[in-house]
Amino acid sequence: MTQDELFKVLVAHCKEYGFIFPSSEIYDGLAAVYDYGQMGVELKNNIKQYWWNAMTRLNENIVGIDSCIFMHPRIWEASGHVGAFNDPLIDNKDSKKRYRADVLIEDYLGKIEEKMNKEVEKGRKKFGEAFDEAKFRETNPNVLREKARYDEVHSRYVKAEQNNDFAEYRQIIMDCGIVCPISGTCNWTDVRQFNLMFSTSMGSTADGANTIYLRPETAQGIFVNYLNVQKTGRMKLPFGIAQIGKAFRNEIVARQFIFRMREFEQMEMQFFIKPGTELDWFKVWKEKRMQWHVNLGMGALNYRFHDHEKLAHYANAATDIEFNFPFGFKELEGVHSRTDFDLGNHQKFSGKKIQYYDPETGESYTPYVIETSIGVDRMVLAVLSHSLKEEKLDNGETRTVLSIPAPLAPVKAAVLPLVKKDGLPEFAQKVMDELKYDFNCQYEEKDSIGKRYRRQDAIGTPFCITVDHDSLVDGSVTVRDRDTMAQERVPVTELRKLIDERVNMNNLLRKL
Ligand code: GAP
């Protein structure tokens with residue numbers, strides 16, 4: 001299956017099994033807006049719990065808040081979003097379709113990378129065990145030709161990005177012969193800036209209404225509450241404030257399912273520190289966040305850092321944690337050293353003093369900030385795309401399984417009476433009653449046991465518990481493991497412990 005096909009299968013699977021639905025579907029949907037179904041919401045909540053507890057429980061100096069989506073409009077002037085939160089847009093005059101110029105170029109670069117990788121794979125197949133990838137990349141003429149092309153376009157792109165040189169963006173697109181996927185032509189307009197914030201009005205009459213914005217990041221809600229939390233929590237530097245909440249961006253190139261949405265959720269943490277210590281803390285948080293990801297067991301090689309060459313208007317160091325999505329390595333999380341840009345500007349724009357009195361040195365200063373920022377939805381996509389597998393079984397059949405890390409699985413155990421009679425449903429219901437306070441369990445009695453196993457595999461349930469006639473006699477049940485499909489007989493009294501060992505979130509947190 002190609003990566004594209006795999007992605008289509010994933011989108012269909014998410015809908016079929018109640019993870020993710022297109023929003024407003026009965027009205028033909030709303031572009032780049034998605035709803036979470038009965039399975040999706042459980043997965044999302046588990047991801048949020050893993051993040052929230054890793055931040056606030058494992059760090060005594062990090063506390064949480066929940067600030068509002070609506071905020072004073074001056075906040076977005078102070079943060080730089082009114083002036084600088086723009087995407088470079090380009091239109092194709094034939095198809096009338098609009099694109100992000102930077103994304104067109106990045107996709108083009110991605111395709112060159114793909115070509116190089118294909119050559120490498122060909123070499124690997126040809127030379128077998130003796131294959132030396134590094135040497136092949138240094139010597140193969142096809143790879144070298146593609147690499148030279150990549151380097152040339154990439155260095156022009158980075159320079160154009162650094163200088164905000166929109167004419168050069170267009171020139172790169174023309175020189176590379178990048179065409180509109182709809183019209184297939186190179187008939188492009190100039191590149192223009194487009195602000196990504198959604199606005200609405202607050203107030204009951206049109207006259208008295210004020211234009212306000214739907215927040216494009218949750219971080220500003222933390223900055224403007226810095227003093228409240230520091231004072232009421234008697235927090236001493238270094239300390240952090242964590243928040244999970246919705247953010248909104250009028251993304252022009254909104255695609256790749258829930259990767260880029262117009263309404264999405266962020267998990268952000270601002271860590272306030274003494275100026276001058278920021279690069280040390282930046283390193284600490286880069287590593288800590290990578291560890292949080294790798295700890296889930298989805299393969300360390302599926303993550304990589306991508307240090308920013310062009311820094312955002314607020315940063316003096318920044319990196320992305322990229323994940324190997326079905327469409328290649330892409331940003332999953334950002335770690336940014338934001339200096340005192342935000343607190344400094346809020347001090348200026350609000351006229352309120354935002355400083356920290358350091359009891360150790362007797363100085364007052366505006367703290368610096370390290371930010372970690374991850375999209376919940378991107379994390380959901382990372383987990384689902386990594387977990388979805390089609391497996392060939394020994395008997396020649398195939399099964400679709402979601403091998404979601406067990407503590408994140410929406411349903412932890414399914415309780416299945418073998419037949420719908422002879423007292424088995426009643427016994428199974430008792431097992432449910434025993435387990436439901438500790439784990440999200442599902443009771444299912446419809447269809448053959450094989451079909452029920454397949455349904456539970458497809459939603460990623462780590463354990464299936466089957467109640468049969470022997471259960472009534474010996475008080476034991478058959479427990480089937482999702483990943484190995486191995487079955488073992490377990491007394492009902494030992495079920496809770498067995499399940500807990502695999503699915504308890506605290507075991508994951510203890511490994512951090
Ligand atoms: N406060 C910093 C900030 O918002 P960002 O790199 O623009 O930084 C942080 O966003 C994270 O939010 C990204 O790494 C990504 O996971 C998520 N994100 C950003 N835009 C998104 C979108 N349109 N749809 C889904 N997730 C998005």
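Me: Why is phenylalanine 329 called partly exposed?

Reply: Its relative accessible area is 24%. Buried means under 20%, exposed over 50%, and partly exposed in between (1.4 Å probe, protein chains only), so phenylalanine 329, at 24%, is partly exposed. The model is predicted: local features need pLDDT of at least 70 and side-chain atom pairs count only at pLDDT 80 or more, while totals for chains, interfaces and linings use all residues. Residues are numbered from 1 along each chain as its sequence is written, and side-chain values use heavy atoms, with hydrogens and water left out.

Me: Where is phenylalanine 329 found, and what does it touch?

Reply: Phenylalanine 329 is found in strand S13. Helices (H or I, at least four residues) and strands (E, at least two) are DSSP runs, numbered from the N terminus. Contact means heavy atoms within 4.5 Å; not counting residues up to four places away in sequence, phenylalanine 329 touches Leu301, Asn302, Tyr303, Arg304, Glu322, Phe323 and Asn324. From C-alpha to C-alpha, phenylalanine 329 lies 9.5 Å from glycine 110, although 219 residues separate the two in sequence.

Me: What makes glutamate 333 a buried residue, and what does its side chain join?

Reply: Glutamate 333 has a relative accessible area of 0%, and is therefore buried. This residue also has its place in strand S13. Its side chain is joined to that of arginine 289 at 2.7 Å. A polar contact is a pair of N or O atoms within 3.5 Å; within protein, one must be able to donate a hydrogen and the other to accept it, and residues adjacent in sequence count only if both atoms are side-chain atoms. The 2.7 Å pair is therefore counted as a polar contact. Leaving aside neighbours within four places in sequence, the contacts of glutamate 333 include Arg289, His293, Asp320 and Thr372.

Me: Which residues come nearest to the ligand, and which strand gives the most to the shell around it?

Reply: A residue is near a molecule or strand if one of its heavy atoms lies within 4 Å of it. There are 22 residues around the ligand, and Glu217, Met261, Glu268, Glu331 and Glu371 come nearest. A nitrogen atom of the ligand lies 2.5 Å from an N or O atom in the side chain of glutamate 268, and an oxygen atom of the ligand lies 2.6 Å from an N or O atom in the side chain of glutamate 331. The protein buries 93% of the 560 Å² that the ligand exposes when taken alone; such areas come from the Shrake-Rupley method with a 1.4 Å probe, and for residues only the protein chains shown count as cover. Strands S10 (263–273), S13 (328–339) and S16 (368–375) are the elements that give two or more residues to the shell, and S13 gives the most, with 6 residues.

Me: Which residues touch the most other members of the largest nonpolar core?

Reply: A nonpolar core is a set of buried Ala, Val, Leu, Ile, Met, Phe, Trp, Tyr and Cys residues joined through side-chain atoms within 4.5 Å. Of the 59 residues in the largest core, Phe19, Ile20, Leu43, Trp51, Val380, Leu384 and Leu408 touch the most other members. Apart from this core lies another, of 26 residues, among them Leu104 and Tyr157.

Me: Why is arginine 480 called buried, and with which side chain does it make a polar contact?

Reply: The relative accessible area of arginine 480 is 3%, so the residue is buried. Arginine 480 is found in strand S22 (residues 476–481). Its side chain makes a polar contact of 3.0 Å with the side chain of aspartate 457, one of the buried residues of helix H15 (residues 449–459).
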